[in-house]
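Hi there,

Here is the structure I promised to pass on to you. Have a look at it first, and then read my notes below.

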Amino acid sequence: MSDASFLSELYDALFPILRSLTGPGVTRTLAILGGHMPLEVETVASGAKVFDWTVPPSWHCRSAVLTGPDGTVLADLATSTLSVVNYAEPVDVMLDLADLQPHLHSLPALPDAVPYVTSYYKRAWGFCLPHGVRATLPPGRYHARIDSEFRTDSGVQVAQAVLPGESDAEILLSSYVCHPSMANNELSGPLTLVGLYRRLVAWPRRRFTYRFVLHPETIGSLCFLANHAEHVRTHMTAGMVLNCTGGTGEGLSYKLSRRGDGLLDRLMTHLAALPDQGRADTGLPVTLRPFDPTGGSDERQYNAPGFNFPFGQLARTPPGTYQAYHTSLDTKEYMGIDKVVGTIDALERVLSLAEIGAHYVNLAPYGEPQLGRRDLYPNTNSRANEGASADHVTDGRTFLNRILYALNYADGRHDGLEIAAKCGAPIGEMRAVVETLERNELLRFVGGPSSANPPPQ
Amino acid sequence: MSDASFLSELYDALFPILRSLTGPGVTRTLAILGGHMPLEVETVASGAKVFDWTVPPSWHCRSAVLTGPDGTVLADLATSTLSVVNYAEPVDVMLDLADLQPHLHSLPALPDAVPYVTSYYKRAWGFCLPHGVRATLPPGRYHARIDSEFRTDSGVQVAQAVLPGESDAEILLSSYVCHPSMANNELSGPLTLVGLYRRLVAWPRRRFTYRFVLHPETIGSLCFLANHAEHVRTHMTAGMVLNCTGGTGEGLSYKLSRRGDGLLDRLMTHLAALPDQGRADTGLPVTLRPFDPTGGSDERQYNAPGFNFPFGQLARTPPGTYQAYHTSLDTKEYMGIDKVVGTIDALERVLSLAEIGAHYVNLAPYGEPQLGRRDLYPNTNSRANEGASADHVTDGRTFLNRILYALNYADGRHDGLEIAAKCGAPIGEMRAVVETLERNELLRFVGGPSSANPPPQ
Amino acid sequence: MSDASFLSELYDALFPILRSLTGPGVTRTLAILGGHMPLEVETVASGAKVFDWTVPPSWHCRSAVLTGPDGTVLADLATSTLSVVNYAEPVDVMLDLADLQPHLHSLPALPDAVPYVTSYYKRAWGFCLPHGVRATLPPGRYHARIDSEFRTDSGVQVAQAVLPGESDAEILLSSYVCHPSMANNELSGPLTLVGLYRRLVAWPRRRFTYRFVLHPETIGSLCFLANHAEHVRTHMTAGMVLNCTGGTGEGLSYKLSRRGDGLLDRLMTHLAALPDQGRADTGLPVTLRPFDPTGGSDERQYNAPGFNFPFGQLARTPPGTYQAYHTSLDTKEYMGIDKVVGTIDALERVLSLAEIGAHYVNLAPYGEPQLGRRDLYPNTNSRANEGASADHVTDGRTFLNRILYALNYADGRHDGLEIAAKCGAPIGEMRAVVETLERNELLRFVGGPSSANPPPQ
């Protein structure tokens, strides 16, 4: 089955589910995704303290209907998961339009759209409906009925799958599963994560270990970090949250981490700095967004000052930059399955380049290793050899020079991206150099550093 | 009593005193100043070794008169404290004009001025007089009489007053008390120090502890450092010596410390970089002078390589930049009591900004704190809230964004000035942000770092 | 005897010798050079492991003759040491021209030149001859005879001479002795080394210790580092390999070390940045080459990542930049004894400047030392002294200011070059400042830092 067909079917299975921070929608979503990658789920109990937060009770919403004076159904959870304010408290009340109005949500600028509204941490109830409908509501008595319940027998679910690599240095990829029926934000994220898993599982070798993480936004990443920050601190070389990976955006848009010096920060900066090369290397143009703590997604938690992890955010059409964002207009058509596939294609190439652009150490660092006996250097030293190949392996002096640069700068302080820059070579062209030196046991992949995981000196 | 009247009276009490490195003039000066701030005085004995120096004996000069051949009095300590070379040895001798000349000091370019001359560490005697007078001296026998004495029963006096703050991180403000009757250099300095003390004692809260230090120049700061360098090293966030704070200068002129990265260095640089903002924030334009070890005042000692303290110099009309400098022309009228009051006004605002521009640490650094339950974040998440206020406290999205920046960067490495820059906000506008977060126990003032006093990580 | 005559005679004695990595040619060369500097020779045995390398057996080549079908001698070691491939294995064979061709080396672009060819680590035999001769070889049977032998009773010889200085911080100067009869590369190098030794031994004082090192290229420096890297790491402030120091090049061409922050790196950069000053200070224009691990000489070993020593390369006509390089055209005439003498002149001045541009520490770092009692500061403080000399020693306020800068920045972090820059003074003018402060026991030479040899804080 093609990626596009696979993802389209997966999308259709996930779309109708009423997701929230907690509750049966998340459980079902993770079960479906777990059919395609080996997710392990852990639950942080409602009421638990997580850093400055308290894990909320889980929300179970069976039905929500708003009926007009004449009996017309104006909003119904059964019709759209956006109709009810997410985490709405139960209510069953008849009330006048004037008293109802504070409980209604609509967008005057988008009169046909149902907005997405939440009130996770302050009890409230409400309905969301098109402004076109709201504007014509007649006076009279309305019936607001929400059959919801808050339970404390469950909590926030955090799911992970790990693809081991040759080293235990990790690249962490995450997305979230708390939004009801919307496409670019959020289903594109989990789709991309699954798509990447399917690609990476097929790689003949992985130098990095890859960790895939799924949970509700914000409180979910806080729960993940509460349980695993020390592991992240000591193992993660770089990471990013994937969301809004479809839509009308031209290419990959990467939001830098706070520190800006992680491997993905540096790689995406490298690709963005040379637009033609970036497009050639990944298939899509690459642009950057600066770090900014005032908006965004789970990267805000990873980049808090107590963590300061090199963790970015990857989008194609970033949150808040398109009209359909957080409304019923964010549809499968808007997102585009083909766009998500394009993002997966490009990210697979990004990760493949990250393996080459990471840190390596020279295993024979005292002087130059004797390349001649490995047939990496001309054994006859003669001016007639100038500009010519070494005996067998290399394809010319350029290749030998790159080998010499790689050996000289693979010192634990310069990564593959810096070595490529010193060679004047696109990072992709360094793959053959790295692999030749690995084969000759002259170079060892060390991945890092993260702030707490410096490579050996 | 207005500041101006208070300072004018204080000036008049201090002006006539014959000050020097040591002796009764310094004692009396500190006694008068001690009437307005709780000075504690310590004495470093004559003969004591202080780093590379030896504390000189104290100089007691009862009279000094130079009489001409016809009995005219040409110079008299009773008329002007500048008439005698400061630290002159005793003499009582009749001598010809030719023999007298090497003992006379005048300024041809300023024929009406009596120059200020010292010879602290090499025994000498001499008189200072206007060049107009000196040029018309007739031949004949002159009578030079100086009734002075060097005693070893006293020494160099160092006076301090401390205004405690919420933290023990200190800002150190110093000036000196060794110049006889001159106004801009030096009385403006002690006047400014007393004036600032009176302002800061009235502040409702002080985050920093403020230390006020007075002593003779050079040897006095060396004595202070000999006794207190370790305290300074471990407690002082920043400091400056105040002198020449009146006169014709337009605004605040700050000489950077050698290291250039102290809080006052950075704050004054910030104010100088945005002239209109600097003037708006302090009431006066702010300019910088680079560090230079070849001239200046007590900052030379604090910035010696063995200390390398972040200690600047603040003037309004810097030493050596005005004609009256170190002469009898440096009068109350030249200095201007109103100018000194203006400097005090501006420095009070500078110190108030320093408290906001200092280092703070986020007390909930692992992820974002839950701002919603503190009414600092909208509890209903809806696109209808875009650009709108959080519920109660904030005055809009700008304020919330600044809160998020402050929390994210209050990591012990970025100070308030850097956070303001990241917000694109004048430092003064960060006060409300800082105070809101302090009230919510999310931010704690740590003051530092000095080189030896890094804030907690 | 003039330098020129001395070096010319030494050249003539060294030129005819058949040098190689090992063997009697090196022994004899070191014996001759040891007549002019106290060389101590150590031998690393054939077969020893040296980092990634194995020390080769020593090569003894008694004769090598190639005879044509008509008995004409086409190449003969007795005529030119370049005639035989260096490290050729023994052979005595009659063969057709077609079979001989793979064993012949010539340069079509330089038809009159005999090229220099080696095959140290892969057994091979061959002859080198002018392409003009090779092109006219008739068909027929040729006789190739090489009487060579590989022995394991000896090894690679490393020779050192040390000129002690006041401190044990070292400057290391090296060259190599493995090339047969060629002038600019390589005899100019050992000649320059001996010439410099003769100059430095006559200096009235040396602050640095100078180490002179001679050995075959590459394997020789590896053997030296295998035995002495720890000493180099803890003692060497800077170093360089001298080769190609004659020829048509205009001036000194310095290849920066990998780290680029060594004393010689910084000094040569300083001299190159101010061409007129550089020429005035050294007598020759100074230019820089960037560090590059892909070409060069023994600096490649010192700059390997496991060492990362601040070690450059000094040439006048760098390797590979002139047509005669590695051929019989590289003659005494091309090199020019006068050019080598000019290089020695210039390098002596460079080393003399390095002593002033090195690190010093202020011995009275707590505040300013009392310069007045040392007659380095005016003892009478009067405006009449402005711009005037201090009493005895100094020649004006400029000199005093430089003294104050030197004291303030001699903190173990700033070297003499940085202090000169702060003074706006050419480094040469700082000599009097440094010597005045040394005489007054206010400044102490510490040389360093190398990466492992930081000066005291």
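Let's start with one residue: Pro180(A) counts as buried, because its relative accessibility is 1% and the cut-off for buried is under 20%. Please keep in mind that this is a predicted model.

Where does Pro180(A) sit in the chain? Find the loop of chain A between β11 (170-176) and α5 (183-200), and you will see Pro180(A) there. Leaving aside residues up to four places away in sequence, Pro180(A) touches Ile17(A), Leu18(A), Arg19(A), Thr81(A), Leu82(A), Asn86(A) and Tyr116(A). Take Tyr116(A) from that list: 64 residues separate Tyr116(A) from Pro180(A) in sequence, yet from C-alpha to C-alpha they are 8.5 Å apart in space.

Eight strands form an open sheet with mixed pairing, in the order β1-β10-β12-β11-β13-β16-β14-β15 (chain B). At its edges are β1 (40-45) and β15 (286-289) of chain B, each of which pairs on one side only. On average, neighbouring strands in this sheet are turned by 25° against each other, ignoring direction.

In chain B, β14 (residues 252-255) and β16 (residues 311-315) run antiparallel and are joined by three bridges. If you pick Lys255(B), its bridge partner in β16(B) is Gln313(B). A helix also belongs in this picture: α2 (residues 24-33) of chain B lies across β1, β10 (155-163) and β12 (209-215) of chain B, and runs at about 10° to β10(B).

Next, how do chain A and chain B meet? The contact involves 34 residues from chain A and 28 residues from chain B. Between them the two chains bury about 2500 Å², with 47% of it on carbon and sulfur atoms. On the chain A side, Asp52(A), Arg258(A) and Thr294(A) lose the most area to chain B, and together they make up 24% of what that side buries. How many salt bridges cross this interface? There are four between chain A and chain B. Arg258(A) turns up here again: its side chain meets that of Asp411(B) in a salt bridge (2.7 Å, N to O).

Finally, step back to the chains as copies.

Enjoy exploring!

Definitions and conventions
Residues are numbered from 1 along each chain as its sequence is written. Chains are lettered from A and ligands numbered from 1 in the order in which they are written. This is a predicted model: local features need pLDDT of at least 70, side-chain atom pairs count only at pLDDT 80 or more; totals for chains, interfaces and linings use all residues. Side-chain values use heavy atoms; hydrogens and water are left out. Two strands pair if DSSP finds at least two bridges between them. Helices (H or I, at least four residues) and strands (E, at least two) are DSSP runs, numbered from the N terminus. Axes are lines fitted to C-alpha atoms, for helices over the stretch in contact, and angles run from 0 to 180 degrees between N-to-C directions. Contact means heavy atoms within 4.5 Å. Buried means under 20% relative accessible area, exposed over 50%, partly exposed in between (1.4 Å probe, protein chains only). Buried area is the accessible area (1.4 Å probe) that two parts lose on being put together, summed over both.
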